[in-house]
Structure formats: structure tokens, C-alpha cells
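Take a look at the model below. The text after it walks through the structure step by step.

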Amino acid sequence: MSVITIQVDGAKQEVESGADGFAVYKSKTVVAQRVNGALRDLAWPLQDGDSTEAVEISSPDGLNILRHSAAHVLAQAVQNINPEAKLGIGPPITDGFYYDFDVVDPFTPEDLKRLEKEMERIIRAGQRFVRRVTNDGDARTELAKEPYKLELIGLKGTDAVGDGAAEVGAGDLTIYDNNDPQSGETVWRDLCRGPHLPNTRMIGNGFSLMRSAAAYWRGNEKNKQLQRVYGTAWPTKDELRAYLERLEEAAKRDHRRLGAELDLFSFPEEVGSGLAVFHPKGGIIRKTMEDYSRQRHEESGYEFVYSPHVTKSNLFETSGHLDWYSEGMFPPLQLDEEVDENGHVRKKGQDYYLKPMNCPFHILIFKSQGRSYRDLPLRMFEFGTVYRYEKSGVVHGLTRARGFTQDDAHLFVTQEDIEVELRVVLEFVLGLLRDYGLSDFYLELSTKEEGNPKFVGDDAIWQSATATLEKVATESGLTLVPDPGGAAFYGPKISVQARDAIGRTWQMSTIQLDFNLPERFDLEYTASDGTRKRPVMIHRALFGSIERFFGVLTEHYAGIFPPWLAPVQVVGIPVAEEFNEYLGEIVAGLKKQGVRASLDVSDDRFPKKIRNHTKDKVPFMLIAGGEDRDAIAVSFRFRDGTQENAVPVADAVERILAAIRDKTQV
RNA sequence: GCCGACUUGGCGCAAUUGGUAGCGCACCGCUCUUGUAAAGCGGGGGUUGUGGGUUCGAGUCCCAUAGUCGGCUCCA
């Protein structure tokens, strides 16, 4: 036997010729190897001079391999139970995997249970995943009964593969056989570029099927819907359990659930899908958010404007919205048409639309008089309520509604001022988001997609606008992620993405440059040299929509709002009725200073009162009995159950006022 | 919009194969109430989302419709 020299995890090693990953890695937690930078099965034979690195099951690559292998096992289980099922694709995704099937009947929850059992059987059998190189012709014969796989073979090597990349890649066309370890027989196969776990046993018991849903083949609405089964898979049962607990935790802070529990808002069926009403407690939070936003805008040179909710159609014809986005608008109200007895139109009617955007109104305000360079930058701000006809399947609590209020501003600036104005706006946006308690950001630069007719306007203008945005974004020091094709139809944008308390990211603020609408509306100002020039518009919203931001904050805080936002900031809880008067005076004093404080004089007993207000997530509970009254003190209790006794009243009041004033969390 | 599931007092849930709609919390009343996450007793409240149908009989089966949920597509 000859000997070859290879690099194993950076160290030189001599091994027998023909050795593979199994010969090099003995650890059971190594599931694959990276050979000369490419992910390979452990069974991949190593050549002289190769460099190989171990892929641990718990590494990002390892988890993907585990999950992709679990997807194969799922597909095998489906075809074992229903041989007529046609295979779509089955890639790993964040925290799990899915596989798409063309089946006559959609999967039921009972089906999923049965599939899990069958998967367990396959996993216990310890089937080997074996890679086999094939070619177009052979693969087509072998997979003749799999129409979707045949389509993928035809797409091999093209960009159109998209999600199918797990099946066919740039290299050889490969099929993975699942071989029974006893008989050596191939029991199942799938077109796949791999790599895979050495055998199914390594999937262990850390997997679970989560749900089924329909999904369009290759993500295209015009294609047939396949039935998708989602699963999750982890190296160990404990990690699976921890994952399910994380989901449970996220469900607990779902703003739709907290909205009902804390009596913040609701979506009455009588009003319509996606249309919220805010209850008094939610109303206080919302008003506080709005008041603070107004105050900051005022301090930063914005002027406040107002515009109506409906307008004649010509406004949105000029803006271009009716051309491109009429599907997203509520249908028109047809007014003023008069028809005579013969059915002939005597007076032509007029279409009115609910506004899906505020910008055209602000533009009209700009146009209401001749503008000079001295007026610029002109910053118009409005809490503008807009209505968008979201498709019925996409409405989602406050985060995707059909009626919502944008904290919308439009800045009219000279070409020369764009950069400095953008910088100021970005700083303003980030500062304000921080005040509301979000602090972990990155930026996304949404640009135009070449060749897509959705994007209007001159290429050169797009390029310079994009370059300016990129420059400002980069200078902010935050991470900048490209988002090709994500721009608005009228211009590129920066969006601020914020991570919440449990690490989820939300798109918050957007700052969009617009060279298009000023053109369409023929906006002009007189420059210092007397010439007429066209201003540039910057669209920006911080919250995006107040409702959505409200929902995000609710989830970020899990309903435990910081005192300045909490609907009830202080509750006085007397140990017994006798102390109502003593505590009542303290509460009255707080109220006089603008604190949202109340005294619990209900018939409930003392412990019940503590329970009630803790559940309501009131930040400060002031408790008083005989000891406290004698010392002119209170017992200061917090919603996490901690308490400080014998706090002098003046100290307690000062701490409450400070927390509210400084917007700190307690 | 597409696929699937779901909808029972304010909220969370029950109701064997179709056979008298129940429970907890909340609410109302009374009694009690000085120390840290649920006092006791009593009471009211639902034509089971809505509209049709099948049946001697429908919360339960069928159709339609509204809404919700999970995905897909979409998100100016």
C-alpha cells in the first residue's frame, strides 16, 4: 500500500492511499468533511495533497447536513406510505427542513404522526447514504416517474434553479442511494448533490415534524401548489426540546396574544380584516409613543401637516401608484355620476380612492406656492393613516394590517444637500429608535434590479442615488447588507433592521431617495442664481407604521413595557382598608406630577391585589401597612416579584419620576 | 389570492358513535379582609361566527359566507 500526504484540520498527516474521511475522523460527532474547501461526504476518497477539515454536527454546515438528511428520510417515509407521491425539493432551512410533495390529498396532522413513526423506523435501520455520479440520460431514465426531478435536471447549471440548488449544483449530477446495511440493497434514492450524513442513525431522536402547508412549485404563484411538510432536527433530543421551548417563549410574547391579555387592542370582526381598534390601555401607549415622536420631530426642524384619507383618482394617476399598485389599493368609490332614464350618463362621475400613501399630498403642499432655495430643506411630517388592500392571506395582527398610520415625512432638498440631509436623517432615526428601547441595528441597502420594468426613471440617476445612500450608510459604521431588487419603484432606499430582545430582526425605518415623483409632479424651486431647479425628495418613516412598531415593541418587551410607556405606571396597594388614605395621598401626589397612578380600593384581599397587578405588568407597586405608615415609607414592589421595604416616600417618588423621565426599564 | 386547519358566555377550555350545552377565570351581590402571586358563599350570562341544507333530532354531518391561525405568493 502506498502512502499519501494530506492536511487534516491544518496538520500534515500521512495516510494510506485511498483513505477517506472515516479513516481520518474517528469522532462520532463529525458528520462530513470539507475537502479543499468543498463539503464532501466522509466517504469521499482523499487524494495526495488534499486538505480536509472536520464538519462537526453542531456546526452550521453540520446542522444543514443533518437537516437535509432528515428531509431525505421524510421523503422516503412519504413514498413508503404513499408510493404515488411525487418528489419536489427538500432543502434545509433555519432550524429545520422541509420537503415538497405532489400528492392528491394534503397531509393531515395524523399523517404527520404516521410519517414520524415511519421516519423513526428508517432512522433506526441505519441506512447508509451513498453518493453515485450519474449523467443526464441515466438520471432521466431512473427518475422517469419523478416529473419535478426531471425538470430540475433540465435546469442544472442555470440560475433558474433557485431553491433547487440542493438537488442539482454546478458539479457532477449525483444521486444519493439509501442502502440497507443488512442486505446492502438500495431501498430509496433521490437526486441530490449532498453531502449527507454517513447513515440515518445519526439523525437520532432530535427531530420532529412541525406542520404541513401548500407551497407553489419553485416559488411561482403560476405553478401548481405542492404539499410541503416542515420539520425540525437537532443533534440531540435536549436541543430539540430547547428549540420547542424557544418557540413557546416566542408565542408567549406574540403581540396578538398580549394585545388581548393586556387589553391593548382588538380586531373586531364587525370592522373587517386587518383593521384594529385600540383600547384605552393600548391607546395610552400609542399616544405616548406619538407624543414623544412629535416632540422630537418638532425639535429637529419638521413642520406638521395634515391630509385627507380620500382623494380623486388623478392624484394617484400622476404619482404612478394607480399604474403599478392599483391591486394593493382599495377599490374606488364612484361618486357624482348622474344617469338619465335611458341609462345615458348625463354627468360624468369621479373616482375617489382611499390613500395608500401620503407623499402626493405633501407634494401638493410643496406646490401650493412658488418655492425658493431658501425654503429648503422643507421637512413635512404627518401621522398619516393609509389603507392598503392586503391580500386576505397575508394580514397578520398589527404588523400587516389594511389600515395603519405611518409616521411619514417627506423632505424636499436641493441636489447639493442630499448627502448631508441623509446623514442627519439617519442619525435622527437611530437616535429615536434607541429612545424606544431598540439598540441593535444593521442597515439594508435596497437597490434596483436590472431589467425589471417595475423600476422607473433614468439609470444614471439611480446610480448616483444608490451611491449616495451607500456612502451615508457606510459612514454610519453599522453593518450594511445589500438587498438587490428591493428598492421602491421610484428610488433606492436604506432600511434600518432592528434585532429585538430574543434576536429576531424587524425592518423598522426606511429612508428612500426619490428623483421620480418630483419629475412627475414637475416640482421646482428658484435657485440662488435665479434658475429653476428640481428638488429631490426623501421619504422616510421611523416606525414604518405606528401599529406595526407598537406590535414590535410589545413583542420586544414581552408586554413588560418600560415605565414611560406602561399604561398604568404605579398602583398603590394597601395592606388593609385602613391604609387607603395614607397611600391615597401618595398616589394623588404622583398623579399631580403627571404619573399614571391609581389606588387599588377593590374588595380583593391584599395578596390577590399583588397578583392582579403583577399579571398586568404594572412597573411599580407601592405597598403600605402600619409599619410603612409609621416610618412615612412604602414597600416598593416590582413586577419581577422583587421588593424593597421601608423606602422613604420621597425616595420612592423620586425613583418613579426618574425612571419615567429617563425612559429606563425596570 | 392559493392550500390546509380552526371558530362553543368577556378570556381560556369541555361536551362518547348526531340525543337535555358544561368548567375555570372574569363579571354582579353578600359576608370577610393588617403584610406579599387566587378568601368564602350565592347569582347572572351562550338560539355553539353567520346563512342555508340533511335528519324525528345538529355544537357534532353537508354547502356557502365571514373571521382567525399556519404556510405559499405578495408587501409602494
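This is a predicted model: local features need pLDDT of at least 70, side-chain atom pairs count only at pLDDT 80 or more; totals for chains, interfaces and linings use all residues.

Residues are numbered from 1 along each chain as its sequence is written, chains are lettered from A and ligands numbered from 1 in the order in which they are written, and side-chain values use heavy atoms, with hydrogens and water left out.

Begin with RNA strand B. Around it are 54 residues, and Arg211, Tyr216, Glu578, Arg605 and Arg611 come nearest. Here a residue is near a strand if one of its heavy atoms lies within 4 Å of it. By class, this surface has 19 nonpolar, 17 polar and 18 charged residues. Ala, Val, Leu, Ile, Met, Phe, Trp, Tyr, Cys and Pro count as nonpolar; Asp, Glu, Lys and Arg count as charged; the others, Gly among them, count as polar.

Which helix gives the most to the surface near RNA strand B? Helix 17 does, with 7 residues. Helix 17 spans 606-615. Other elements supply at least two residues each, including strand 12 (207-216) and strand 13 (225-233). Helices (H or I, at least four residues) and strands (E, at least two) are DSSP runs, numbered from the N terminus.

Now look at the RNA side. Of the RNA strand B atoms within 4 Å of the protein, 47% belong to sugar or phosphate, and the rest to bases. Individual atom pairs show both kinds. A polar side-chain atom of glutamine 227 lies 3.3 Å from a sugar or linking oxygen. A polar backbone atom of glycine 328 is 3.1 Å from a base nitrogen. An N or O atom in the side chain of arginine 605 is 2.5 Å from a base oxygen.

Next, two loop residues. Histidine 196 is in the loop between strand 11 (186-191) and strand 12. Is histidine 196 buried or exposed? Histidine 196 is buried, because its relative accessible area is 1%. Buried means under 20% relative accessible area, exposed over 50%, and partly exposed in between (1.4 Å probe, protein chains only). Leucine 264 sits in the loop between helix 7 (255-261) and strand 14 (265-266). Leucine 264 is buried too, with a relative accessible area of 1%.

Finish with leucine 335. Leucine 335 lies in strand 18 (residues 333-335). At 36% relative accessibility, leucine 335 counts as partly exposed.

Conventions. A polar contact is a pair of N or O atoms within 3.5 Å; within protein, one must be able to donate a hydrogen and the other to accept it, and residues adjacent in sequence count only if both atoms are side-chain atoms.
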